[in-house]
Amino acid sequence: SLVLSVMVHYRYKPFPGDTVGLTELSFTLENFSMPHIGNSYCQAILVYLTLKVGFDLTAFSENIKGFSTDTIFDAPFVKSLSPTEFWTRRWNLMIQRFLKGGVFLPMKKFWNGKIAMFITFVVSGFYHEYVWLCIFYNQEYLHDKHGNCTHPTCYANEFGRVTAFFSYVGLIMLLERPISKFSVVQWAATHVPSPIT
């Protein structure tokens, strides 16, 4: 709750100077500014903590009934040493298993692993688009008479933003192996703490 309080207090941007809008799809150099990277990291931590608490509470309710549960998150921000490890072994393992069995392995029968992996991330984007559509369905009561989203809790969900993010992640994972051969990347892997890399 401390993280949420801090984020709300600073309107989800604790690092000043970030000009990228929270809900905009932006492909500018501003995305690589230190304030934006810092704010994005804080927002990712907030999403992680929200999901983890929700899953842990659900698991606890099942555990007290005598059922065992699997771990959903395995310390993704502190143990991951690469994007591939983050997404395939540590972040939301429930969805990862679902996508691996339902998309990746069937696609791998027709295409090579890299194409199958990229398609899996695109499908993950579509799945998350559906989830966001359900979460932010019918917020018209938060709009003014001109249709503008003016209420502080109003969010204008635009189809394609989440799919673009997951496609970008798929591209990062495709480029991970070739880029890892560069000396600067090898230096960062051995000298920079894993939560930062």
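Is Y48 buried or exposed? In this predicted model, where local features need pLDDT of at least 70, side-chain atom pairs count only at pLDDT 80 or more, and totals for chains, interfaces and linings use all residues, Y48 comes out buried, with a relative accessible area of 12%. Here buried means under 20% relative accessible area, exposed over 50% and partly exposed in between, using a 1.4 Å probe and protein chains only. Residues are numbered from 1 along each chain as its sequence is written, and side-chain values use heavy atoms, with hydrogens and water left out.

Y48 also pairs up with W91. Rings of Phe, Tyr and Trp (its six-membered ring) pair if their centres lie within 6.5 Å; planes under 30 degrees apart are stacked, over 60 edge-to-face, and the rest tilted. The rule gives 18 aromatic pairs. Y48 and W91 make a tilted one, at 6.0 Å centre to centre and 40° between the planes. Y48 sits in helix 2 (residues 34–63) and W91 in the loop between helix 4 and helix 5 (93–108), 43 residues apart; helices are DSSP runs of H or I, at least four residues, numbered from the N terminus. W91 is buried too, at 14%. Its partner W87 has a ring centre 6.2 Å away and a plane at 65°, so that pair is edge-to-face.

How values were computed
Helix = DSSP H or I, 4+ residues; strand = E, 2+ residues; numbered from the N terminus.
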